[in-house]
Amino acid sequence: MSSTNANARVTRSPIRTAALVVGAVFLLVGILGFIPGITTEYDTLTFAGHHSEAALLGIFQVSILHNIVHLLFGVAGILLARTVATAFLYLVAGGAIYLVLWVYGLVIDQDSGANFVPVNTADNWLHFVLGVGMIAVGLLLRNRDVRPATGTVNPAGGPAA
């Protein structure tokens with residue numbers, strides 16, 4: 001391959017890669033939520049509501065609805081990783097959604113019907129970390145787009161003189 005062809009190769013931008021990885025992780029988490037053993041108390045898994053005692057990795061309370069949300073959020077991340085603009089939207093808006101879920105989990109009574117997702121204390125703090133992390137990654141990587149090279153590259157890595 002000539003150096004011109006090698007320089008014209010398009011590399012996925014960091015923000016698109018981040019959105020793709022986050023989406024893939026959510027997709028994996030959604031799948032794992034349906035696997036007995038990885039999800040403890042699997043026989044108590046309900047569609048929705050706080051009565052589900054099923055817990056992903058024995059820590060995070062889940063339901064069928066909760067797992068479906070993870071699957072959909074994962075698919076959204078993978079699809080929205082196609083462009084820098086949509087990857088940014090996924091990370092920042094998705095992070096905001098997770099911060100709203102964190103606040104929601106803090107203010108509801110976990111033993112009430114309002115806990116329909118369901119969430120527990122571990123979920124709440126994971127939602128906080130996810131929200132802050134996704135927004136931070138989106139903002140930090142927003143302007144770090146990788147563009148294809150337009151000229152030859154010298155051995156030091158910069159454009160040739």
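Gly 33 is placed in the loop between H2 and S1, where helices (H or I, at least four residues) and strands (E, at least two) are DSSP runs numbered from the N terminus. With a relative accessible area of 0%, Gly 33 is buried; here buried means under 20% relative accessible area, exposed over 50%, and partly exposed in between, with a 1.4 Å probe and protein chains only. Gly 33 and Val 62 are 29 residues apart in sequence, and their C-alpha atoms are 7.0 Å apart in space.

This is a predicted model, in which local features need pLDDT of at least 70 and side-chain atom pairs count only at pLDDT 80 or more, whereas totals for chains, interfaces and linings use all residues. Residues are numbered from 1 along each chain as its sequence is written, and side-chain values use heavy atoms, with hydrogens and water left out.

## Overall architecture

The protein chain comprises five helices and three strands, and from the N terminus on its elements follow the order α-α-β-β-β-α-α-α. Of its 161 residues, 32% count as buried.

## The sheet and its loops

The three strands form an open sheet in the order S1-S2-S3, with antiparallel pairing, two strands being paired if DSSP finds at least two bridges between them. Strand S1 (39-40) and strand S3 (60-61) stand at the edges with a single partner strand each, so one side of each is left without a neighbour in the sheet. S1 and strand S2 (residues 55-56) run antiparallel and are joined by two bridges; Thr 39 has Leu 56 in S2 as its bridge partner.

Two residues in the loops of this region have positive phi values. Glu 41, in the loop between S1 and S2, has a positive phi of about 55 degrees although it is not a glycine, and at 47% relative accessibility Glu 41 counts as partly exposed. Leu 57, in the loop between S2 and S3, is likewise a residue other than glycine with a positive phi, near 60 degrees, and at 54% relative accessibility Leu 57 counts as exposed.

## The largest pocket

The largest pocket has a volume of about 250 Å³. A pocket is an open set of points on a 1 Å grid over the protein atoms alone, where a 1.4 Å probe fits, with protein on both sides within 12 Å along at least five of seven lines, and lining residues have an atom within 4 Å of a point. The volume is the space filled by probe spheres set on the points, which are joined across faces, edges and corners.

The lining consists of 15 residues, of which Val 29, Leu 56, His 70, Leu 126 and Leu 130 lie nearest the centre of the pocket. Helix H2 (14-32), helix H3 (64-80) and helix H5 (121-141) each supply at least two residues of this lining.

## Aromatic contacts

Eight aromatic pairs are found in the whole structure, rings of Phe, Tyr and Trp (its six-membered ring) being paired if their centres lie within 6.5 Å, with planes under 30 degrees apart counted as stacked, over 60 as edge-to-face and the rest as tilted. The ring centres of Trp 125 and Phe 128 are 5.8 Å apart and their planes stand at 70 degrees, so this pair is edge-to-face. Trp 125 and Phe 128 are three residues apart in helix H5, and therefore separated by about one helical turn. Trp 125 is partly exposed, with a relative accessible area of 44%, as is Phe 128, with 29%.

Elsewhere, Phe 26, Phe 73, Tyr 90 and Tyr 98 form one aromatic cluster.
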